[in-house]
Amino acid sequence: MVNFGNDWDEVMKGEFDKPYYLKLREFLKYEYFHYEIYPDMYSIFNAMKTTAFDDVKAVIFGQDPYHEPGQAHGLCFSVKRGCPLPPSLKNIYTELYDDLGIPPSQCGELTSWAKNGVLMLNTVLTVRRGQANSHKGHGWEIFTNEVTKKLNEREKPIVFMLWGNNAKQKRELITAPQHLILQAGHPSPLSVRYFSGCRHFSKCNEFLRSHGIEEIDWRIN
């Protein structure tokens with residue numbers, strides 16, 4: 001049984017007993033036994049464990065975890081401390097500098113963002129080594145749709161930052177007028193031209209300030 005250790009436990013109560021999740025669980029058991037899967041099974045839900053439901057100010061949606069060794073640890077776009085920066089994260093840091101003047105960090109771990117109210121969630125939460133999108137279509141999308149629906153129902157405003165086509169599919173689930181939706185291309189080198197200049201970091205903070213919510217400290221520490 002999954003335990004988040006915060007208010008997500010009540011919010012997602014009963015989700016892990018649904019047929020789709022039981023089927024997903026059997027798939028994951030097979031995959032983890034036969035292949036190298038990222039992140040490790042204890043880190044799959046780090047995003048929700050680190051950022052409680054009521055603490056969410058913004059959601060960054062990515063695609064699926066990094067698929068090379070030593071990178072993924074359950075927060076989208078984030079890599080473990082000491083790991084070389086992936087190209088997508090370098091592009092995020094470039095945009096952060098262009099938008100807010102925050103110098104690019106040599107550290108790729110974004111836990112400080114998660115602790116500051118940014119839910120760092122991929123649309124699919126696991127991946128097979130070296131095979132991007134290999135766990136697509138096995139049930140994770142249903143789970144992250146349910147997470148999105150729960151956040152949409154929350155009265156307190158949230159900024160949804162959808163990066164890439166997989167993430168943009170969540171848009172139709174975000175219907176409550178109090179929330180802000182920001183869309184851009186994925187920050188990977190293949191689509192960074194549709195990400196660069198999006199200014200999502202400053203737009204997010206402007207929205208939060210306008211609603212009396214403490215803005216996010218986007219510095220990496």
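1. In this note, two residues are said to be in contact, or to touch, when heavy atoms of each lie within 4.5 Å. The model is predicted, so local features are given for pLDDT of at least 70 and side-chain atom pairs count only at pLDDT 80 or more, while totals for chains, interfaces and linings use all residues. Residues are numbered from 1 along each chain as its sequence is written, and side-chain values use heavy atoms, with hydrogens and water left out.

2. Not counting residues up to four places away in sequence, threonine 51 touches Asn6, Trp8, Val56, Ala114, Gly117, Val118 and Leu119. Its relative accessible area is 1%, and therefore threonine 51 is buried, where buried means under 20% relative accessible area, exposed over 50%, and partly exposed in between, with a 1.4 Å probe and protein chains only. A polar atom of the threonine 51 side chain lies 3.4 Å from the backbone oxygen of valine 118. Such a polar contact is a pair of N or O atoms within 3.5 Å; within protein, one must be able to donate a hydrogen and the other to accept it, and residues adjacent in sequence count only if both atoms are side-chain atoms.

3. Isoleucine 60 belongs to strand 2, and with a relative accessible area of 0% it is buried. Leaving aside neighbours within four places in sequence, the residues in contact with isoleucine 60 include Cys76, Phe77, Trp113, Val118, Met161, Trp163 and Trp218. Isoleucine 60 and asparagine 3 are 57 residues apart in sequence, and their C-alpha atoms are 22 Å apart in space.

4. Helix 4 (residues 87-100) has 14 residues and reaches 20 Å from its first C-alpha to its last, close to the expected 20 Å, a span defined as 1.5 Å times one less than the number of residues. Its buried residues are Ser88, Leu89, Asn91, Ile92, Tyr93, Glu95, Leu96 and Asp99. An α-helix has 3.6 residues a turn, so residues three or four places apart point the same way. The buried residues of helix 4 pack against helix 5 (111-115), strand 5 (159-163) and helix 8 (200-210). After helix 4 comes glycine 101, with a positive phi near 75 degrees.

5. In helix 8, the buried residues are His200, Phe201, Ser202, Cys204, Asn205, Phe207 and Leu208. The elements that cover them include strand 2, helix 4, helix 5, strand 5 and strand 6 (180-184). Helix 8 is followed by glycine 212, whose phi is also positive, near 70 degrees.

6. Histidine 179 lies in the loop between helix 7 (165-168) and strand 6, and at 9% relative accessibility it counts as buried. Its side chain has a polar atom 3.0 Å from the backbone oxygen of asparagine 152, and the histidine 179 side chain also reaches the backbone oxygen of arginine 154 at 3.4 Å. Beyond neighbours within four places in sequence, its contacts include Leu151, Pro157, Ile158, Phe160, Ile174 and Phe207.

7. Some backbone angles deserve a careful look. Most residues other than glycine have a negative phi, and most peptide bonds are trans. Asparagine 133, in the loop between strand 4 (127-128) and helix 6 (140-152), has a positive phi of about 65 degrees although it is not a glycine, and it is partly exposed at a relative accessible area of 24%. Arginine 199, in the loop between strand 6 and helix 8, is not a glycine either and has a positive phi of about 55 degrees; it counts as partly exposed at 38% relative accessibility. The peptide bond from tyrosine 38 to proline 39 is cis, with omega near -10 degrees, and proline 39 is found in the loop between strand 1 (37-38) and helix 3.

8. How many residues line the largest cavity? There are 14, of which Pro65, Gly74, Leu75, Cys76 and Asn122 lie nearest its centre. A cavity here is a set of points, on a 1 Å grid over the protein atoms alone, where a 1.4 Å probe fits but cannot get out, and lining residues have an atom within 4 Å of a point. The largest cavity holds about 90 Å³ of space, a volume being the space filled by probe spheres set on the points, which are joined across faces, edges and corners.

Conventions: Helix = DSSP H or I, 4+ residues; strand = E, 2+ residues; numbered from the N terminus. 1 Å grid on protein atoms, 1.4 Å probe; cavity = no way out; pocket = protein on both sides within 12 Å on 5 of 7 lines; lining within 4 Å.
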